[in-house]
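Good morning, colleagues. Please take a moment with the sequence and the model before I go through the fold.

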Amino acid sequence: MSSPRELPVNHHADHPGFSGAMGVCVGLVLLLMGRASARLAVDLTGVTTGDRVVDVGCGPGGAVREAARRGAAATGVDPAPVMLRLARMFTRSGNINWTTGTAEQVPLPDGSATVVWSLATVHHWQDVEKGIAEAHRVLAPRGRLLAVERQTTPDATGLASHGWTRQQAEAFASECGSAGFADVTVGGHKAGRRDVWAVQAVRP
């Protein structure tokens, strides 16, 4: 039987990305669907005033704005210009920045964040090992990492397969431990009506 680290945690890395009119439509859907995940993220990481949050794969920015509402400085990182345009359009206030980047190349200084999260996007990362290493680099000591993905089954296909099985969640957690993170946990949670996996870790 395969060990957790051998499982493909980036099984949708060949996704073409979002652009054009279809990207706008997807972004608007994500605005509605992402609210519960945003609330879960700030609750699990305990975001407060003084935190510096980085959202990798921020999409239209709902979780970034939720972090700012909790008093944090927040930066949304996304490779899709259409998502960042939507994010700026729906942002009215807060200590918020938006920047183009990927999980494997986050354009921020070493140790500049106290929280890094990725919500329903890890399964699109091109290189999970590099993405985790970037999160480790960007986080300050005692900084918190959070990855949230929809719970899926091994036989899921199409849209239903965009997420993690339990084994894939454990594989990501194992990668975090190998990258030098501590206090790594895997937990099942509810984001609205959706069952999700949450992997949490701390940079020593």
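Buried here means under 20% relative accessible area, with a 1.4 Å probe and protein chains only. Helix α3, residues 62-69, is thus mostly covered, with 6 of its 8 residues buried. After α3 comes G71, which has a positive phi, near 100°.

A word on the basis of these values. This is a predicted model, in which local features need pLDDT of at least 70 and side-chain atom pairs count only at pLDDT 80 or more, whereas totals for chains, interfaces and linings use all residues. Residues are numbered from 1 along each chain as its sequence is written, and side-chain values use heavy atoms, with hydrogens and water left out.

Turning to the whole protein, there are 6 helices and 7 strands; helices (H or I, at least four residues) and strands (E, at least two) are DSSP runs, numbered from the N terminus. Along the sequence the pattern reads α-α-β-α-β-α-β-β-α-β-α-β-β. Of the 204 residues, 48% count as buried.

β6 pairs with β7 (residues 194-202) in the antiparallel sense, over 8 bridges. G188 stands opposite W197 in β7.

I now come to the helices α5 and α6. Helix α5 (residues 128-138) packs with helix α6 (residues 166-178) at an angle of about 55°, their axes 10 Å apart. Axes are lines fitted to C-alpha atoms, for helices over the stretch in contact, and angles run from 0 to 180 degrees between N-to-C directions. The two helices are therefore oblique to each other; angles under 35 degrees count as roughly parallel, over 145 as roughly antiparallel, 65 to 115 as roughly perpendicular and the rest as oblique.

Which residues of α5 and α6 meet? V128, E129 and I132 in α5 meet F172, E175 and C176 in α6, where contact means heavy atoms within 4.5 Å.

Note on methods. Two strands pair if DSSP finds at least two bridges between them. Buried means under 20% relative accessible area, exposed over 50%, partly exposed in between (1.4 Å probe, protein chains only).
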